[in-house]
Every structure is written in structure tokens, then in C-alpha cells.
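Try each task first, then read through the solution.

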Amino acid sequence: MEFEDAREALTEIADSLPREIFRELNGGVLLLEDVVRDRHGFYILGHYHYHPHGLGRYISIYYGSVMELFGHTSRDYILKKLKETLYHELTHHIEHLAGDKTLERQDEIDIARMLQGGRPRP
């Protein structure tokens, strides 16, 4: 899947969601060509960003990381992963607005599990 196709697909996915989900997400959803890894070497597919005194709130989805992991799969599977990643980052956004850190804690548990050779939750 080419970058522009992924951008169009991600826009369609976002446009299909209720506008209220994007409340206070003033920077929107960005698809970036970057390949991003965390300090452990795991690919990062997306980030929810919050900068209270600067850029505000926005989501980055990393096309490069998605393609590194799933570029060999079908277009439908890549679209599924883009959708899952957007939903995951939107969940971080909604939880942040509510003062909840449930998904953030679950992400930490998943990383610990992967460091021990296991798999993250489905």
C-alpha cells in the first residue's frame, strides 16, 4: 500500500467516526512516513500527543512502522491495522480527557510481557 492510499484510507476511517470523539483533538490525526521504535526496539505504530502549552492534542500514525511490520500482508490487513492503531490512539485521547490511565497501564503491561518473550494481549 502506497503512502497516499494509506492517508486516504485513514481519512475515511476517521471521517466515519462520530465528531465528538475528536473533541479537543486540535491537531487532528497525522499520517507520517516515519519508522519509529521504542527504547526496547519495538515498532511504534502510533502516538497520542498532549502538549498543554504548545501544540495541544494530536495523534501520529507511523506509516513506516506499519509497513515494516505488515507491508508483506494484504491491503485489507494493512487497513485493519491502521484502523486498530487509530482506535487505540483515540482511546488514549478519550481516557486522557477523562483523567483515566487504564490503556496507558495496559500498554506498560504489554511491553513487560513482550520483554519476557510473550505476546501482547490481542
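**Exercise 1. Find what share of the residues of the protein counts as buried.**

Step 1: Keep in mind that this is a predicted model. Step 2: A residue is called buried when its relative accessible area is under 20%. Step 3: By that cut-off, 35% of the 122 residues are buried.

**Exercise 2. Work out whether the radius of gyration agrees with that of a compact globule.**

Step 1: For 122 residues, a compact globule would have a radius of gyration near 14 Å. Step 2: The protein has 15 Å, which agrees.

**Exercise 3. List the helices and strands in the order of the sequence.**

Step 1: Count the elements: the protein has four helices and five strands. Step 2: Read along the sequence to get the pattern α-β-β-β-β-β-α-α-α.

**Exercise 4. Describe the salt bridge between arginine 7 and glutamate 4.**

Step 1: Start with the general idea: side chains of opposite charge can pair when their charged atoms come close. Step 2: In the pair of arginine 7 and glutamate 4, the closest N and O atoms are 2.9 Å apart, and a salt bridge requires such atoms to be within 4 Å. Step 3: Both residues belong to helix H1, where they sit three residues apart, about one turn of the helix. Step 4: Arginine 7 counts as partly exposed because its relative accessibility is 35%; glutamate 4 is also partly exposed, at 42%.

**Exercise 5. Trace the network of salt bridges that includes Arg23.**

Step 1: The structure holds seven salt bridges. Step 2: One of them joins glutamate 20 to arginine 23, with 3.0 Å between the closest N and O atoms. Step 3: Arginine 23 also pairs with glutamate 24, at 2.9 Å. Step 4: The network links Glu20, Arg23, Glu24 and Arg57. Step 5: Check the accessibility: glutamate 20 is exposed at 55%, while arginine 23 is partly exposed at 40% and glutamate 24 is partly exposed at 40%.

Conventions
Residues numbered from 1 in each chain as written. Predicted model: local features only at pLDDT ≥ 70, side-chain atom pairs only at ≥ 80, totals over all residues. Heavy atoms only, no water. Helix = DSSP H or I, 4+ residues; strand = E, 2+ residues; numbered from the N terminus. Rg over C-alpha atoms; globule rule 2.2 N^0.38 Å. Buried < 20%, exposed > 50% of the residue type's maximum accessible area, 1.4 Å probe, protein only. Salt bridge = Lys/Arg side-chain N within 4 Å of Asp/Glu carboxyl O.
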